[in-house]
Amino acid sequence: MKVIGLTGGIGAGKSTVTDHLRGRGYIVIDADAIARQITEKDAAALEKIVHCFGTAVLLEDGSLNRRKLGAIVFNDEEKKRQLEQITTVEVVNIIKKQIDDFRKEEKYDIIFVDAPLLFETGADKLTDLVWLVDADTKVRIKRVMDRDGISEKEVVDRIQNQMEGEEKRRLAQEIIDNSKGKEELYGQIEYLLMKYVEE
Ligand code: ATP
């Protein structure tokens, strides 16, 4: 079984790519979904977060106030590092377990792992190769502004908080350029599926 990592910066089009892959019947492990699950009420990582950041990051019902936690770590490198330490190890372990489980099933020739922080967390080591979804910065900014209803500055701040795009381009085996329309994007995915999967 081949494991393909999918990554890319904010608004590059990862979800659009994974929606297409799922529609084509492929398994996609979703690192963001795992990160949310492990910080749900009563989950192990949530307890550690409260221990580190205090009950101020909880909502009244005891669940995590993600917006508040995000705001705290956004401008504080040390706090950001602490949060990443708590969550990263667990997310990567769960991804590894899910890959192992799919491998044991012996049903799949290929599966995908969608992780915005694939390289930053070291989860790329669990994959055989990486497809990077990328798009012109201006296009990404406009798409995220439209999608999330936020200002240009907010998008630019988020983008600058991530690993340099050049570094990711160097580490990836394939680069999907999503600067044009969705049909053009799907064409590139189909080409890569032929190259790696349906050969
Ligand atoms: P994030 O990292 O912020 O979660 P993402 O990489 O998953 O973002 P998407 O949510 O897939 O990116 O795409 C960002 C927005 O741009 C979405 O609203 C999506 O519908 C739109 N979009 C993606 N690709 C295209 C395209 N080729 N043409 C037009 N709109 C697109």
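Student: Which polar backbone atom is 2.8 Å from a nitrogen atom of the ligand?
Tutor: That backbone atom belongs to Lys180. Keep in mind that this is a predicted model.

Student: How much of the ligand does the protein cover?
Tutor: On its own, the ligand has 630 Å² of accessible area, and the protein covers 77% of that.

Student: And which elements give two or more residues to the shell around the ligand?
Tutor: Helix H1, residues 14-23, and helix H7, residues 137-148. H1 gives the most, with 3 residues.

Student: Which residues come nearest to the ligand?
Tutor: There are 14 residues around the ligand, and the nearest are Lys14, Thr16, Arg147, Asn178 and Lys180.

Student: What does Lys14 do there, in distances?
Tutor: A polar atom in the side chain of Lys14 sits 2.7 Å from an oxygen atom of the ligand. For Ser15, a side-chain N or O atom is 2.8 Å from an oxygen atom of the ligand.

Student: What classes of residue make up that shell?
Tutor: The shell has 7 polar, 5 charged and 2 nonpolar residues.

Student: New topic, the helices. At what angle do H4 and H5 cross?
Tutor: Roughly 125 degrees. H4 covers residues 66-74 and H5 covers residues 77-105, and their axes come within 7 Å.

Conventions
Residues numbered from 1 in each chain as written. Predicted model: local features only at pLDDT ≥ 70, side-chain atom pairs only at ≥ 80, totals over all residues. Heavy atoms only, no water. Near = heavy atom within 4 Å. Polar contact = N/O pair within 3.5 Å; in protein donor to acceptor, adjacent residues only side chain to side chain. Areas by Shrake-Rupley, 256 points an atom, 1.4 Å probe, with all protein chains shown as cover. Helix = DSSP H or I, 4+ residues; strand = E, 2+ residues; numbered from the N terminus. Nonpolar A, V, L, I, M, F, W, Y, C, P; charged D, E, K, R; others polar. Axes fitted to C-alpha atoms, helices over the stretch in contact; angles between N-to-C directions.
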